[in-house]
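Dear colleague,

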Amino acid sequence: MAHDGRMKVVVDFDLCESNAVCMGVAPEVFEVREDDFLYILDENPSEELRPKVEEAVRGCPKAAISIQED
């Protein structure tokens with residue numbers, strides 16, 4: 001089985017305050033809906049989105065987002 005090194009977006013929902021900073025940075029991956037909950041639209045985004053996801057990880061005020069390498 002080939003190791004393609006795809007990233008997986010992980011959110012600690014106990015820390016998340018749905019402040020939507022991540023959605024502002026990477027709306028392709030994160031969405032805060034009217035119910036004030038954060039939804040991960042794409043748990044395994046393409047490599048082209050990695051810079052945005054990494055910026056969202058750094059920008060999260062609660063440090064609730066991380067990237068795992070599958």
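G24 counts as exposed, because its relative accessibility is 62%, and the cut-off for that word is over 50%. Please bear in mind from the start that this is a predicted model. G24 lies in helix α1, and although 28 residues separate G24 from K52 in sequence, their C-alpha atoms are 9.8 Å apart in space.

If residues up to four places away in sequence are left out, R50 touches G5, M7, I67 and E69. The side chain of R50 is also joined to the side chain of E47 by a polar contact of 2.8 Å.

In soluble globular proteins, nonpolar side chains tend to be buried together. Here the largest nonpolar core has 17 residues, and the members that touch the most others are V29, F30, L38 and I65. At least two residues of this core come from each of β1 (7-11), α1 (21-25), β2 (30-32) and α2 (50-59), and β1 gives the most, namely three.

The cysteines

A disulfide is a covalent bond between the sulfur atoms of two cysteines. How many disulfides does the structure contain? The count comes to zero. C16 is in no disulfide, and the nearest cysteine sulfur to that of C16 belongs to C22, 6.6 Å away. C60 itself counts as buried, because its relative accessibility is 14%.

Most residues other than glycine have a negative phi, and most peptide bonds are trans. With that in mind, please look at S18, a residue other than glycine whose phi is positive, near 50 degrees. A63, likewise not a glycine, also has a positive phi near 50 degrees. S18 lies in the loop between β1 and α1, while A63 is found in the loop between α2 and β4 (65-69).

Are these two residues buried or exposed? S18 is buried, with a relative accessible area of 17%, whereas A63 is exposed, with a relative accessible area of 57%. Not counting residues up to four places away in sequence, S18 touches V32, D36, F37 and L38. With D36 in particular, a polar atom of the S18 side chain lies 2.8 Å from the backbone oxygen.

Aromatic rings

The structure holds zero aromatic pairs. One ring does have a charge over it, however: the charged end of R33 sits over the ring of Y39, at 3.8 Å from the centre of that ring.

With best wishes

Note on methods. Residues are numbered from 1 along each chain as its sequence is written. This is a predicted model: local features need pLDDT of at least 70, side-chain atom pairs count only at pLDDT 80 or more; totals for chains, interfaces and linings use all residues. Side-chain values use heavy atoms; hydrogens and water are left out. A nonpolar core is a set of buried Ala, Val, Leu, Ile, Met, Phe, Trp, Tyr and Cys residues joined through side-chain atoms within 4.5 Å. Buried means under 20% relative accessible area, exposed over 50%, partly exposed in between (1.4 Å probe, protein chains only). Helices (H or I, at least four residues) and strands (E, at least two) are DSSP runs, numbered from the N terminus. A disulfide is a pair of cysteine sulfur atoms within 2.5 Å. A polar contact is a pair of N or O atoms within 3.5 Å; within protein, one must be able to donate a hydrogen and the other to accept it, and residues adjacent in sequence count only if both atoms are side-chain atoms. Contact means heavy atoms within 4.5 Å. Rings of Phe, Tyr and Trp (its six-membered ring) pair if their centres lie within 6.5 Å; planes under 30 degrees apart count as stacked, over 60 as edge-to-face and the rest as tilted. A charge sits over a ring if NZ of Lys or CZ of Arg is within 6 Å of the ring centre and within 35 degrees of the ring normal.
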